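Here's a quick tour of some helix packing, written for someone who likes the cut-offs spelled out. Have a look at the model first.

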Amino acid sequence: MTTLKSKLQDDLNAAIKERDELRSSTLRLTLAAITKEEVAGKAKRELSDDEVQKVITREAKKRREAADAFAQGGRPEQAEREKAEGEVLAAYLPKQLSDNELNVIVAQAVEEARAAGAEGPRAMGAVMKIVNPKVAGQAEGGRVAAVVKKLLAG
C-alpha cells in the first residue's frame, strides 16, 4: 500500500474512533474512489502516491463543483457540507500556488513560448505545455488557463 493511501486509511480509522462523521464519510468515499481506480482496466494494480493524489484532487474538485451547484440551487446547508468535505481533502493535497506565484510561472512560460516563435492567442497550447508540468497538483487547470489567456492577450 502506498504511503498516502495508508495515511488515508489510518486517518479513517482515527475518525471512526473519534466518531467524526464528516471526516470518516469523506475519507471512505475517497478510498472507494482510489480502489475503483485500482481495479479499473484489465488488471488490478497498486496506485502510486502521484496517482492517489490525482484521485484526491479529482474528488476535491467534485466537492467544490457540488458546493457551487447546491449554493446556486438554494440549498446552503448541503453546500456547506460539500465545502467542509473539500476542506478535509485539501489537507492531503500540496499547498496551492498563490496568484502571484502562478503569474510569475506563467509569465516565464509565455516568454519561453515567444522565444520559440509562438505568438498571440494561438500560443495557448505551447504555453500550457510548458506551465502544466511546473504547476502539476498546485493549481487547477482552469485557473492556469485563465492566467495564460490574460497574459497572452495583454
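## Ground rules

This is a predicted model, so local features need pLDDT of at least 70 and side-chain atom pairs count only at pLDDT 80 or more, while totals for chains, interfaces and linings use all residues. Residues are numbered from 1 along each chain as its sequence is written, and side-chain values use heavy atoms, with hydrogens and water left out.

Helices here are DSSP runs of H or I with at least four residues, numbered from the N terminus.

## Helix H3

H3 covers residues 49–72, which is 24 residues. From first C-alpha to last it reaches 35 Å, close to the 34 Å expected at 1.5 Å a residue; the expected span is 1.5 Å times one less than the number of residues. Just after H3, Gly-74 takes a positive phi of about 75°.

Which residues of H3 are buried? They are Val-52, Val-55, Ile-56, Glu-59, Ala-60, Arg-63 and Ala-67, where buried means under 20% relative accessible area, exposed means over 50% and partly exposed is in between (1.4 Å probe, protein chains only). As a reminder, an α-helix has 3.6 residues a turn, so residues three or four places apart point the same way. The cover over the buried residues of H3 includes helix H1 (3–17), helix H2 (21–39) and helix H4 (76–90).

Arg-64 also sits in H3, but it is partly exposed, with a relative accessible area of 41%. Between Arg-64 and Leu-97 there are 17 Å in space, C-alpha to C-alpha, for a separation of 33 residues in sequence.

## H2 against H3

The H2 and H3 axes are 10 Å apart, and the helices pack at an angle of about 130°. Axes are lines fitted to C-alpha atoms, for helices over the stretch in contact, and angles run from 0 to 180 degrees between N-to-C directions. H2 and H3 are therefore oblique to each other; under 35 degrees counts as roughly parallel, over 145 as roughly antiparallel, 65 to 115 as roughly perpendicular and the rest as oblique. H2 passes H3 in a right-handed crossing (the near helix is turned clockwise from the far one by less than a right angle).

On the H2 side, the contact (heavy atoms within 4.5 Å) uses Leu-29, Thr-30, Ala-33, Ile-34 and Glu-37. H3 brings Val-52, Val-55, Ile-56, Arg-58, Glu-59 and Arg-63. By class that gives six nonpolar, one polar and four charged residues, with Ala, Val, Leu, Ile, Met, Phe, Trp, Tyr, Cys and Pro counted as nonpolar, Asp, Glu, Lys and Arg as charged, and the others, Gly among them, as polar.

## H5 and its partners

H5 (residues 99–115) and H6 (residues 124–135) have axes that come within 9 Å and cross at roughly 140°. The pair is therefore oblique, and the crossing is right-handed. Their contact has eleven nonpolar, no polar and two charged residues.

With H7 (residues 141–153), the H5 axis comes within 10 Å and crosses at roughly 55°. H5 and H7 are oblique, in a right-handed crossing. This contact has nine nonpolar, one polar and four charged residues.

## Val-131

Is Val-131 buried or exposed? At 0% relative accessibility, Val-131 counts as buried. This H6 residue touches Ile-105, Val-106, Ala-109 and Val-144, leaving out residues up to four places away in sequence.

Technical notes
Helices (H or I, at least four residues) and strands (E, at least two) are DSSP runs, numbered from the N terminus.
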